[in-house]
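Visitor: I'm new to reading protein structures. Could you walk me through this one and tell me how you know each thing you say?

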Amino acid sequence: MAKMKIKKGDLVQVITGRSSDGDKLAARGLEAGDKGKQGRVLQVFPDTGRVLVEGINRRTHHLKPNQAGGAGGIEQREASLHVSNVALVDPEDNKPTKVGYRVETVELENGRSKQVRVRFAKRSGKDI
């Protein structure tokens, strides 16, 4: 699998899927989607190419009561999204952007130099 350009803690926006316009969907008896919503990445799964985003793609999870004191019930949990369905948010204008890499030379304390890959937003050119 290719290297993932989205990391844990990044602010991302959902770019595909059902629209978040709830009025039209409520008239048809459907829930509003997550397209256009933004959230922080909680976890990255590079082996499957998926990300877990805070407050996005929430699913109902049924819990069974257990002897350890768990009461059971129904709770909402986030489900993972494919990484192609989200885009990194540009820190300058809060719109989705592509991610680029730039190699920069950094001077160390002992006078030596080191090359470092830096992620940047292709929309504005700002470092991420």
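Guide: Let's start with a word we'll need: a contact means heavy atoms within 4.5 Å. By that test, residues 24 or more positions apart account for 47% of the contacts in the chain with a separation of 6 or more. Keep in mind that this is a predicted model, where local features need pLDDT of at least 70, side-chain atom pairs count only at pLDDT 80 or more, and totals for chains, interfaces and linings use all residues. Residues are numbered from 1 along each chain as its sequence is written, and side-chain values use heavy atoms, with hydrogens and water left out.

Visitor: How do you know how many helices and strands there are in the chain?

Guide: They are DSSP runs, numbered from the N terminus: helices are H or I with at least four residues, strands are E with at least two. Counting that way gives one helix and 10 strands. Along the sequence, the pattern reads β-α-β-β-β-β-β-β-β-β-β.

Visitor: What is M4 in contact with, leaving aside its neighbours within four places in sequence?

Guide: Its partners include V44, F45, P46, V83 and Y101. M4 itself is found in the segment before strand 1 (11–14). Take F45: it is 41 residues from M4 in sequence, yet the two are 9.2 Å apart in space, C-alpha to C-alpha.

Visitor: What makes a group of residues a nonpolar core?

Guide: They must be buried Ala, Val, Leu, Ile, Met, Phe, Trp, Tyr or Cys residues, joined through side-chain atoms within 4.5 Å. The largest such set here has 12 residues in all, among them M4, I6, V12, V53 and L88. Strand 1, strand 3 (50–53) and strand 7 are the elements that give two or more residues to this core. V12 touches, among others, I6, V41, V53, V86 and L88, not counting residues up to four places away in sequence. In soluble globular proteins, nonpolar side chains tend to be buried together.

Visitor: How do you know that D34 forms a salt bridge with K37?

Guide: A salt bridge is a side-chain nitrogen of Lys or Arg within 4 Å of a carboxyl oxygen of Asp or Glu. For D34 and K37, the closest N and O atoms are 3.2 Å apart, so the pair passes that test. D34 is buried, because its relative accessible area is 19%. K37 has 34%, so K37 is partly exposed. A search of the whole structure finds seven salt bridges.

Visitor: Which parts of the chain does the pair of D93 and R123 link?

Guide: The closest N and O atoms of D93 and R123 are 2.7 Å apart, and the two form a salt bridge. D93 is in the loop between strand 7 (86–89) and strand 8 (96–97), while R123 is in the segment after strand 10 (113–121), 30 residues apart.

Visitor: What about R102 and D127?

Guide: Another salt bridge, with closest N and O atoms 2.3 Å apart. R102, E104 and D127 are linked in a network of salt bridges.

Visitor: What makes the phi of N57 worth a look?

Guide: Most residues other than glycine have a negative phi. N57 is not a glycine, yet has a positive phi of about 60°. N57 lies in the loop between strand 3 and strand 4 (58–63), and its 11% relative accessibility means that N57 counts as buried. N94 has a positive phi too, near 55°.

Visitor: Why is something called a pocket?

Guide: On a 1 Å grid over the protein atoms alone, a pocket is an open set of points where a 1.4 Å probe fits, with protein on both sides within 12 Å along at least five of seven lines; lining residues have an atom within 4 Å of a point. The largest pocket is lined by 18 residues, with A32, G33, D34, N57 and R59 nearest its centre. Strand 4 gives the most to that lining, with three residues.

Definitions and conventions: Buried means under 20% relative accessible area, exposed over 50%, partly exposed in between (1.4 Å probe, protein chains only).
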